[in-house]
Amino acid sequence: MKRVYSKEEVCIACGLCQVHCLVAHSESKDIIKAYKKETPRQPSRIKVQQKGSLSFPLSCRHCEEPWCVYSCLTGALQKDPESGIVTVDAEKCVGCFTCVVACPCSAIIPDFHRKKAVKCDLCPHLETPACVANCPNQALIFTDGATPGGTKVAAEGAVARR
Amino acid sequence: MVRKHFRYLIIGNSAGGIGAAEAIRETDKEGSLAILSDEPYHTYSRPLISEYLAGERTIEGIYFRPADFYKQKSVQAILGKKAAALDLAGRLVRLESGEELTWERLLLACGGKPIVPPMKGDGLEGRFNFITLNDARKLRPALKKAKEAVVIGGGLIGISLTEALVKSRIKVTIVEKMGRVLGAIVDANVSRLEEARLKKAGVKVVTGHTVQEVVASAERPEAVGGVVLDNGQEITCQILGVAVGVSPRGELVEGTDIKKGRGIVVDRHMATSHPDVFACGDAAEAYDFVYGVARLTPIWPNAYIGGRVAGFNMAGKKAVYPGGTVMNSLGYFGLPIASAGLFDPPEGNGYEALSHLEGETYRKVILKDGRIAGMAMVSDIGRAGIIFGLMREGVNVSSFKEALLSDEFSLPRCQMTCGREGSARNWLHR
């Protein structure tokens, strides 16, 4: 399936992905209104992870075997068998945040104001997810994993870098 | 006598049973599959009975899967019927109604039953358990007349019940045998923070004592009027909630060859000592990666994942249980708490505890030989998943252990590269 991947060697931690994610998930879809009028503000579903000069944004991986879905107490989290997209049904979510603890990427954001778990939905209303479309230096890509050269992006087993 | 045959029979209609049914149907679309439960309801979320009790959700509102779930998955739901006996040689389950169900693969996902401490005078109207939807349905009408309640047990279920009672404007006293609330899952610092929240909400917390006697009401001798504690203290109440915990329902395997400790013992494939009988959830003792042995870890996610693994194996697709430990995320009385594994390091043996407490913000990790054996976070739980992930994967964190408690804690801090595709790949089938 198509996922959002980041290139840590290109990311400069500008945070625009977070801004545009928030806007894309706001009522108005307007950057000024989303920040100034809509309270409480929508949390961004993508978070820039940073340490010194190293940075990369991270959002839901839409895992093949999603811990969050299997940990969900209410049935609000589901993985679509066709598209593979992991979604949270806000109606069913009670904000217990078991999914927040279950996700090894901490890609599920606890929205304490609304008492709902929120996460990347790959922007179903847009052709390209807002974070990817608005990244100024193409540190984010939306792909099924195979780059034009045929190599896997962000290959499996990303564990310790040492 | 009615006898029906199923390729797959699942006893239990909650997390474990549903996890198994979904995995079976991902693998085998045709094999006949039945779910048997003594509860008459469509699959629902047990942790949500407090929301139902408080009137915040309807019964349909706590359904764990859509109303057409059984139809969609071609599952025959046999609800409101209780298994009376298991005959391994005949591969059949006899129901109390006299019907018999034969099976080729059986899953015991029958959960736990409430532990009720012995109390003099018990048996009066107004004394409730709080495990099932039926418990909540019986309790709901009592809320209208009651002014005071005593909840026995200051654990998860007790505090969950307390919250629903407080929302219904009932004055609650929690009586907890241990010295502090949530004592089975968090350390003393977290207990103190939760107790402060409880007291702020007007809840009285009595620790270190037990209820010795249930006293009848003066006006209605058939109903609860109060309790007497082991120190002689009397507390008036019209509702007595028992929320001490659950013990595995293992009655069906008693007298059979299936191995049972405190729960039904299963291997990493969730198979019992009988190769075609599987077990999961609160009824089972399954692998705990913190302790390195099979033990009871009665939490919802472990039941679902255990059920999923069992389901694949029942349908002939090999899957391995990654192991589960006790992990919880709580938000009672507005205090977010995430906890997993050990909460206090055992004496010696190379354990180390790191913690930081500031106001209501708390972070703690327990390390054993460089690996995380326990964690707790209060208030700021946003990064709890990364730490729990490192714990589950057994990553050696020695070189960045201080960063685990830092405000800016993030993946690069723990030397993880971008993507984390490692965790996105299929970890069940190995």
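Guide: In strand β25 of chain B, the residue that bridges to B:Leu367 is B:Ile372, and in this predicted model that pair belongs to an antiparallel arrangement in which seven bridges join β24(B) to β25(B), the latter covering residues 371-378. The two strands form a hairpin with two residues between them, and B:Asp369, which lies in the turn, has a positive phi of about 50°.

On its other pairing, β24(B) meets strand β23 of chain B, residues 351-358, again in the antiparallel sense, here over eight bridges. Within this pairing B:His356 stands opposite B:Arg363 of β24(B). The hairpin of β23(B) and β24(B) likewise has two residues between its strands, and B:Gly359 takes a positive phi near 60° there.

Once neighbours within four places in sequence are left aside, the contacts of B:Val172 are B:Ala149, B:Val151, B:Thr162, B:Leu165, B:Val166, B:Gly202, B:Val203 and B:Lys204. B:Glu148 is 24 residues from B:Val172 in sequence, while the C-alpha atoms of the two are 5.9 Å apart in space.

Among the helices of chain B, α4, residues 133-145, bends by about 25° at B:Leu139, and the proline B:Pro141 follows within four residues. B:Leu139 is also one of the buried residues of α4(B), together with B:Leu133, B:Asp135, B:Ala136 and B:Leu143. In an α-helix there are 3.6 residues a turn, so residues three or four places apart point the same way. The cover over the buried residues of α4(B) includes, from chain B, the helices α2 (49-53) and α5 (156-167) as well as the strands β8 (127-129) and β15 (239-242).

Turning to charged side chains, a search of the whole structure finds 26 salt bridges over all chains. One of them pairs B:Arg3 with B:Glu100 at 2.8 Å, N to O, and this pair links distant parts of the chain, since B:Arg3 lies in strand β1 (residues 3-11) and B:Glu100 in strand β6 (residues 100-108), 97 residues apart. B:Arg3 has a relative accessibility of 48% and therefore counts as partly exposed, whereas B:Glu100, with a relative accessible area of 7%, is buried. B:Glu100 also forms a salt bridge with B:Arg94, the closest N and O atoms being 3.0 Å apart, and B:Arg94 is partly exposed, with a relative accessible area of 34%. Salt bridges that share partners also join A:Glu65, B:Glu26 and B:Arg308 into one network. A further salt bridge is formed by the side chains of B:Glu51 and B:Arg57, at 3.7 Å from N to O, and B:Glu51 and B:Arg57 are both buried.

Of the 162 residues in chain A, 52% are buried, and of the contacts in chain A with a separation of 6 or more, 55% are between residues 24 or more positions apart.

The domain assignment divides chain A into domain 1, made of 1-59 + 125-162, and domain 2, made of 61-119. Their contact takes 13 residues from domain 1 of chain A and 16 residues from domain 2 of chain A. The area buried between these two domains is about 1,200 Å², and carbon and sulfur atoms give 56% of that area. On the side of domain 1 of chain A, A:Met1, A:Pro40 and A:Arg45 supply 39% of the area buried against domain 2 of chain A, more than any other three residues. Between domain 1 and domain 2 of chain A, the count of salt bridges is zero.

Definitions and conventions. Residues are numbered from 1 along each chain as its sequence is written. Chains are lettered from A and ligands numbered from 1 in the order in which they are written. This is a predicted model: local features need pLDDT of at least 70, side-chain atom pairs count only at pLDDT 80 or more; totals for chains, interfaces and linings use all residues. Side-chain values use heavy atoms; hydrogens and water are left out. Two strands pair if DSSP finds at least two bridges between them. The bend at a residue is the angle between axes fitted to the seven residues ending there and the seven starting there. Buried means under 20% relative accessible area, exposed over 50%, partly exposed in between (1.4 Å probe, protein chains only). Contact means heavy atoms within 4.5 Å. Domain bounds come from an automatic or database domain assignment. Buried area is the accessible area (1.4 Å probe) that two parts lose on being put together, summed over both. A salt bridge is a side-chain nitrogen of Lys or Arg within 4 Å of a carboxyl oxygen of Asp or Glu.
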